[in-house]
Amino acid sequence: MLDINQLRRDLPSVLARLEARKSPQPFLDVPRFTALEAERKTLQTRTEELQARRNSLSKQIGQAKGRGEDTSATMAEVAGIADAMKAGAERLDALQAELATMLMSVPNLPDAGVPVGADEHANTEVRRWGTPGSYAFPVKDHVDLGAPLGLDFETGARLSGSRFSFLKGPAARLHRALAQFMLDVQTTEHGYTECYTPYIVNREILEGTGQLPKFKDDMFWVSRGGDESQPEQYLISTSEISLTNTVREQILKAEDLPIKLTAHSPCFRSEAGSAGRDTRGMIRQHQFDQVEMVQIVAPEHSEATLEQMVGHAEAILQKLELPYRVVLLSTGDMGFGATKTYDLEVWLPAQDTYREISSCSNCGAFQARRMQARFRNPQGKTEFVHTLNGSGLAVGRALVAVLENHQQADGSIRVPAALRPYLRGADLLRP
């Protein structure tokens with residue numbers, strides 16, 4: 001959530017930065033916001049005037065009683081003022097609630113260093129690592145490579161419908177090995193604390209990280225035992241949701257920061273609006289696994305922390321010997337809650353292109369303001385923390401990249417050295 005005081009101080013500047021996101025829909029109903037703000041100011045001014053008048057009358061009543069005078073008329077006026085103030089307070093609460101609801105659908109402001117553009121075509125490539133391999137045989141994609149290894153899309157579709165997969169045998173072992181390897185690197189080399197989180201969370205948790213109310217159609221949700229009178233709950237689309245909300249409604253100590261958390265979890269996404277995109281294979285699934293990184297930091301450290309987290313994701317790709325590039329997303333391609341985002345895109349030989357495998361974002365105080373997550377700075381004052389998240393990495397897409405980049409002429413898969421301890425020392429995966 002944006003700082004409403006920033007909108008009050010300089011609404012034109014905020015609107016200009018929002019416009020850089022190039023959304024086809026307006027982010028803020030400016031006439032309604034302006035009207036609500038005008039009424040809020042009038043109410044607050046009137047309340048202050050009434051409070052001053054009541055104080056003055058109360059003083060007069062005390063003096064009049066001391067002189068033995070009748071105070072009934074003055075006391076009646078004080079009672080009327082109290083009623084007016086109560087009505088004003090109720091209306092002010094309603095105004096504040098409507099303003100807060102309005103701001104829940106407004107995205108974060110892009111950082112000044114983010115390239116301005118309407119979509120991914122305005123993204124900026126920052127660097128590349130590794131050289132895409134050359135093959136002396138026809139390259140296969142992960143679907144054809146994975147089928148003999150136990151990557152089974154037909155069974156997944158039969159069980160759950162399209163965009164679900166079923167893994168068995170070598171494919172399942174490779175998937176598990178990748179997740180364990182990623183967790184071990186993030187915890188032992190990068191200092192994250194491993195967590196196991198709920199996969200189903202309450203509505204307010206998703207509001208805290210920004211998935212709700214705007215992106216409900218992208219979620220899967222459930223009711224307890226079919227009881228529709230109970231509040232709906234949601235399957236997480238990433239463990240960022242549960243990890244970040246661990247500091248919800250807390251005031252942390254400055255010495256507690258940074259907080260570095262990681263978790264391996266399934267992720268559930270309805271993929272609303274993606275009809276026809278990546279229908280073959282594991283690139284875009286309704287259920288996939290991911291190792292997530294989350295950091296909670298003091299504001300002055302968030303910019304450097306974002307660069308650090310990108311490096312933590314890059315380390316996984318380098319150890320898996322996978323060529324990739326780092327891309328700085330444009331204003332039109334960033335996520336709702338991010339102020340700055342880097343994507344890591346891994347090379348996929350069968351597609352002859354780079355595809356996203358990790359996204360690392362600095363959300364600034366945007367999520368913290370929604371969660372009321374603060375810390376007490378060295379001066380003793382409370383400030384909102386800054387939250388950052390990144391995938392380190394998407395397990396299914398890493399499996400795709402390993403299969404395609406390390407394929408051999410006979411259909412076997414060369415196992416990167418860093419991954420062999422997780423596969424009982426095997427250097428090849430064979431059908």
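Phe-215, Phe-336 and Phe-366 form one aromatic cluster in this predicted model. Rings of Phe, Tyr and Trp (its six-membered ring) pair if their centres lie within 6.5 Å, and planes under 30 degrees apart count as stacked, over 60 as edge-to-face and the rest as tilted. By this rule the structure has eight aromatic pairs. Two of these aromatic pairs are set out below.

| Pair | Centre to centre | Angle between planes | Class |
|---|---|---|---|
| Phe-215 and Phe-336 | 5.5 Å | 80° | edge-to-face |
| Trp-347 and Tyr-354 | 5.0 Å | 70° | edge-to-face |

The pair of Phe-215 and Phe-336 links distant parts of the chain, 121 residues apart. Phe-215 lies in the loop between α8 (203-209) and β6 (220-222), and Phe-336 in the loop between β11 (324-328) and β12 (340-348). Helices (H or I, at least four residues) and strands (E, at least two) are DSSP runs, numbered from the N terminus. Burial is judged by relative accessible area: under 20% is buried, over 50% exposed, and in between partly exposed (1.4 Å probe, protein chains only). Phe-215 is partly exposed at 28%, whereas Phe-336 is buried at 10%. Trp-347 and Tyr-354 are both buried.

Leaving aside residues up to four places away in sequence, Leu-174 touches Leu-399, Val-402, Leu-403, Leu-419, Leu-423 and Leu-429, where contact means heavy atoms within 4.5 Å.

On a 1 Å grid over the protein atoms alone, a pocket is an open set of points where a 1.4 Å probe fits, with protein on both sides within 12 Å along at least five of seven lines; lining residues have an atom within 4 Å of a point. Of its 19 lining residues, Arg-17, Asn-108, Leu-109, Thr-339 and Gly-364 are the closest to the centre. Helices α10 (302-319) and α11 (366-371) each supply at least two residues of this lining. The lining divides into six nonpolar, seven polar and six charged residues.

Residues are numbered from 1 along each chain as its sequence is written, and side-chain values use heavy atoms, with hydrogens and water left out. Because the model is predicted, local features need pLDDT of at least 70 and side-chain atom pairs count only at pLDDT 80 or more, while totals for chains, interfaces and linings use all residues.

Methods
Ala, Val, Leu, Ile, Met, Phe, Trp, Tyr, Cys and Pro count as nonpolar, Asp, Glu, Lys and Arg as charged, and the others, Gly among them, as polar.
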